[in-house]
Amino acid sequence: MPLDKTGSNPNSSMKMSLAARSTLRARERAEFRYYDDMGPGRGNCTWGAGLLAHKGPCTVEELKRPVSAAAVFAEFSSRVSDAEGTVRARVNHQVLDQDQFDGLVSYTFNVGPRGAAKVLELVDKGKLAEAAGKMSSMTRVRVKTKHGSKLVIARGLISRRAEESAPFRK
Amino acid sequence: MKPNLKYDSKLRRNSGIKLGWLALLGLTASLLSASRASAAEENDSIFGHWRAVAVLDVADVAGKSDAAARQLIGLCLDIEPEVLRFAGEECTTPAYQRTTREPARYLREQWHARSGKLNLPNPVTVIDAGCTDLFITDQSRMIFNWDGFFYEARRVEPVQCRALPPIRR
C-alpha cells in the first residue's frame, strides 16, 4: 500500500478485526491474581497482564485476592482499544490494509504503545521490510534463574512475530 | 451634501470587527510562535551528544540478548532537531514533545517495563522522540530505551564521540 499524500489520516477509522481480536485473546496469558512485578516482595504490585495496581509490593491481602474474569476481560478490551488508538495516531501517512493493522495492534498490545514506537515509525515512513525485521527481532523475554534472571528467546513469540509481520513482507 | 450617517456607522462597525479579528489572529500567531520558540529553547538543552554508559534494565520483551545490549555501551546517542541517531539507526523528524509522568505507571503501561532499577525522579520529564522516549534526570544524565533495553546516557563533547570506533553490526 502506498503512502497517503492527502494530509488526512488514512487509517483513522480502522479497528482490529474480530478474528484477530479472538486470536489475540487466546494468545495472551491472563493472570487472575495480584503479583509483584520484580518477584515476591520486590517491585510494584501488578495484576492481570501486567496492569499496575499501585507502587510498591502487594500486601498479603492482595496476594490472596483473586481477580475476576470480568475485570481481566475489561482490561483486555481497554488495552486493545489503547493499542488501536496508538496505531491510528502513529501511522497516519502509510495506508494500512486490515491484516497490517491487525498485526500492528497485536504487536503494540504485546510490547506496549511506546515499546512499539520504532516499528510504528518505520511503517509510517513506508519502510515496511525494515519494520517487519524489527518486529521479528522482539522475541526475548526474561525468565527467573537461580542467580536472578536472564533473557531467553520465547518460541511462542517467534511464531507470533512471524504472523504479525507477514503482512509487511508481501 | 448630507452624510449617510447610518451607512457610515455600519462601515465603521464592520471595520472595527475586522480590526478586532486581525488583532486576535495576530495575537494567536504570536502566542503560537512564542510557544514554539519556547519549546525549541527548552529542547536546546537535550540537543548534542550523549554516550550510553550502562544498561539499567530491560522491558518484558526485548529485541536482543543481554550481551548484544551491553555491546552498545560506549556508543553515542546524537540528538539533533531533525534526527536522533544511535547504533547505526535513525529516527527522523522527532517531535521532542515534553510531558511530566509518574514513572512506575508510565513505564508499566507504555513500555511494559518496571521502574525499580531506573532511579527516575517522580514526576519525571519524558520527551517523545518518535521512535523512543528520553527520560530526563538532570542536565547531564538521561535514560532512553533501545530495542527494549533502558540505557543510562551521559552528555559528552562532540570530540569524545568522534573518537569512538565504527559501529559493529
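Predicted model: local features only at pLDDT ≥ 70, side-chain atom pairs only at ≥ 80, totals over all residues.
Next I asked which parts of chain A supply the side that touches chain B. At least two residues each come from β3 (51-54), α3 (69-90), α4 (98-111), α5 (117-124), α6 (128-137), β4 (140-145), β5 (148-153) and α7 (155-165) of chain A. I sorted the residues of that side by type and got 12 nonpolar, 8 polar and 13 charged.

With charges on my mind, I looked up salt bridges. Chain A and chain B have 8 of them between them. One I checked joins A:K118 to B:D147, where the closest N and O atoms sit 3.3 Å apart.

Then I turned to the extent of the interface. I found 33 residues of chain A in contact with 38 residues of chain B. The area buried between the two chains comes to about 2800 Å², and carbon and sulfur atoms give 48% of that. Which three residues supply more than any other three of the area that chain A buries against chain B? They are A:R114, A:K118 and A:R142, with 24%.

Last, I followed the strands. β4(A) is joined to strand β2 of chain B (residues 61-62) by 2 bridges, and the two run antiparallel. I noted a bridge partner too: A:V141 goes with B:V61 in β2(B).

Note on methods
Residues numbered from 1 in each chain as written. Chains lettered and ligands numbered in written order. Heavy atoms only, no water. Contact = heavy atoms within 4.5 Å. Buried area = accessible area lost by both parts, 1.4 Å probe. Salt bridge = Lys/Arg side-chain N within 4 Å of Asp/Glu carboxyl O. Helix = DSSP H or I, 4+ residues; strand = E, 2+ residues; numbered from the N terminus. Nonpolar A, V, L, I, M, F, W, Y, C, P; charged D, E, K, R; others polar. Pairing = 2+ DSSP bridges.
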